[in-house]
Amino acid sequence: MDGESWVPQPFSPGPPGGAGGGGGGAGSGSGESPRGGRGAVLLHPEVLDLDEDEDDLEVFSKDASLMDMNSFSPLMPTSPLSMINQYKFEDEPDSKDLFITVDDPESHITTIETFITYRVTTKTSRGEFDSSEFEVRRRYQDFLWLKGKLEEAHPTLIIPPLPEKFIMKGMVERFNDDFIETRRKALHKFLNRIADHPTLTFNEDFKVFLTAQAWELSSHKKQGPGLLTRMGQTVRAVASSVRGVKNRPDEFNEMNDYMGTFSQEINLIDKISHRIYKEEKEYFEEMKEYGPIYTWWSASEEDLVDSLKGVASCIDKCCKATERRIVDLSETLLPVVHEYVLYSEILMGVMKRRDQIQAELDSRVEALNNKKAEKELLTEEIGKLEDKVECANNALKADWDRWKQNMQNDIKMAFTDMAEKNISYYEQCLATWESFLTTQTDLHLEEISEDKP
């Protein structure tokens, strides 16, 4: 996540005995690994989009914004200096004053729908909060609303990703435990990333989300712009997008180029990592059947009992190590890589919104030059748009550097943790088989000494 285009190499473990990082179906997303016999939830089997009403089968949202992509909050100051200062990120001491936990998923069944709510607990020492602790329950559509409001108020800041909406084909249980836990972790991370952001953390809608009871939140949601207003904003955004940007600054061209490469590589790593995860699980299932065969065989081979039982024991130990490795893969690497797959799509959207703001300014300047409208009116409008573009540019530049640093730290930590887990795994398997060889050598020496007269 620094300035250079550092791209991590794909992780390719390859279990002992042959299963590597090769072929197999591609997968994506984060999954929980099997514990106590439960199957893991993969995020990239075939998926089906749900209707807007079915908001509760999401595990990381690729396109959660239903808001205007080309508007700033009406409360935003119009002075260029005040707008720039709003997004000036200072290096502040690490004094965290907002702690958020998402837990306790709860299923709700009504006559028309079934959905999951989560408990959101907030502890804070901030003076703008009425209390030091809040506890509310939220469902996915509430998180979706929050993300949309943040994008509406800060169109060129990088809003963290939400869980995707999907339903897996052939899933027996609509809300199985692994699925819900994966989503809970993603929602927890979403809120805490907002809380750690130097600007988003002070957003008023974020505060309402954390503190308002369900009926209060419902009332607050209705205070947004009307349908006709949103449609007008959307039409203007589409028109600006069609016109395009004539003179995008070089630094934003570089950002676009960087994200093109980053998106391609992170998607490939995500695909390969999930293929490896799938093959590791298949290898683990084969190992569980493989070991007992040696035990059964030993019952009919009196002279090979010790050797056969020794092999069975080694396979059993390696099987347990493989199971731990699958858990580590699903908890350490896969969620981080997939989150940045989603981040890459969010960044593309942020840059598109920046371009839309600039395209709107370009069109007004062109109209002024062609004298297609009143000069005084256009001059005033151009001044406001210039402020808006400057604010958007400064916001994106500041947040871009912050995001890249966080991304690099997250990716490096994920791969470092995975490397340590792999070393531990192979050392355990190596020690297991070396111990077997030692016992077999000792048995052979005993047999030789017994055969001597």
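The following questions and answers concern a predicted model of a protein.

Me: What percentage of the residues of the protein count as buried?
Reply: Burial is assigned to residues under 20% relative accessible area. Among the 453 residues of the protein, the share that counts as buried is 46%.

Me: Is Ile293 buried, partly exposed or exposed?
Reply: Ile293 lies in helix H7, which spans residues 250–298. Together with Tyr290 and Trp296, Ile293 makes a nonpolar surface patch of about 370 Å². Because its relative accessibility is 45%, Ile293 counts as partly exposed.

Me: Why is helix H4 described as largely enclosed by the rest of the structure?
Reply: Helix H4 covers residues 204–211. Its buried residues pack against strands E2, E3 and E4 and against helices H2, H3 and H5. Helix H4 is largely enclosed because, of its eight residues, the number buried is six.

Me: Which residues of H4 are buried?
Reply: Helix H4 is largely enclosed by the rest of the structure. Its buried residues are Asp205, Phe206, Val208, Phe209, Leu210 and Thr211.

Me: Is the aromatic pair of Tyr340 and Trp403 stacked, tilted or edge-to-face?
Reply: The structure holds 13 aromatic pairs. In the pair formed by Tyr340 and Trp403, the ring centres are 6.0 Å apart and the planes make an angle of 55°. Planes under 30 degrees apart count as stacked and those over 60 as edge-to-face, so the pair of Tyr340 and Trp403 is tilted.

Me: How many residues apart in sequence are the parts that the pair of Tyr340 and Trp403 ties together?
Reply: Both Tyr340 and Trp403 are buried. Tyr340 belongs to helix H8 (residues 305–370) and Trp403 to helix H9 (residues 375–451), so the pair ties together parts whose separation in sequence is 63 residues.

Me: Which residue lies over the face of Tyr258?
Reply: Tyr258 is part of one aromatic cluster with Phe262, Tyr340, Tyr343, Trp400 and Trp403. Over the face of Tyr258, at 4.1 Å from the ring centre, lies Lys404.

How values were computed
Residues are numbered from 1 along each chain as its sequence is written. This is a predicted model: local features need pLDDT of at least 70, side-chain atom pairs count only at pLDDT 80 or more; totals for chains, interfaces and linings use all residues. Side-chain values use heavy atoms; hydrogens and water are left out. Buried means under 20% relative accessible area, exposed over 50%, partly exposed in between (1.4 Å probe, protein chains only). Patches are made of residues with over 30% relative accessible area and no salt bridge: like charges are joined within 9 Å, nonpolar side chains (Val, Leu, Ile, Met, Phe, Trp, Tyr) within 5 Å. Accessible areas come from the Shrake-Rupley method with a 1.4 Å probe; for residues, only the protein chains shown count as cover. A salt bridge is a side-chain nitrogen of Lys or Arg within 4 Å of a carboxyl oxygen of Asp or Glu. Helices (H or I, at least four residues) and strands (E, at least two) are DSSP runs, numbered from the N terminus. Rings of Phe, Tyr and Trp (its six-membered ring) pair if their centres lie within 6.5 Å; planes under 30 degrees apart count as stacked, over 60 as edge-to-face and the rest as tilted. A charge sits over a ring if NZ of Lys or CZ of Arg is within 6 Å of the ring centre and within 35 degrees of the ring normal. Contact means heavy atoms within 4.5 Å.
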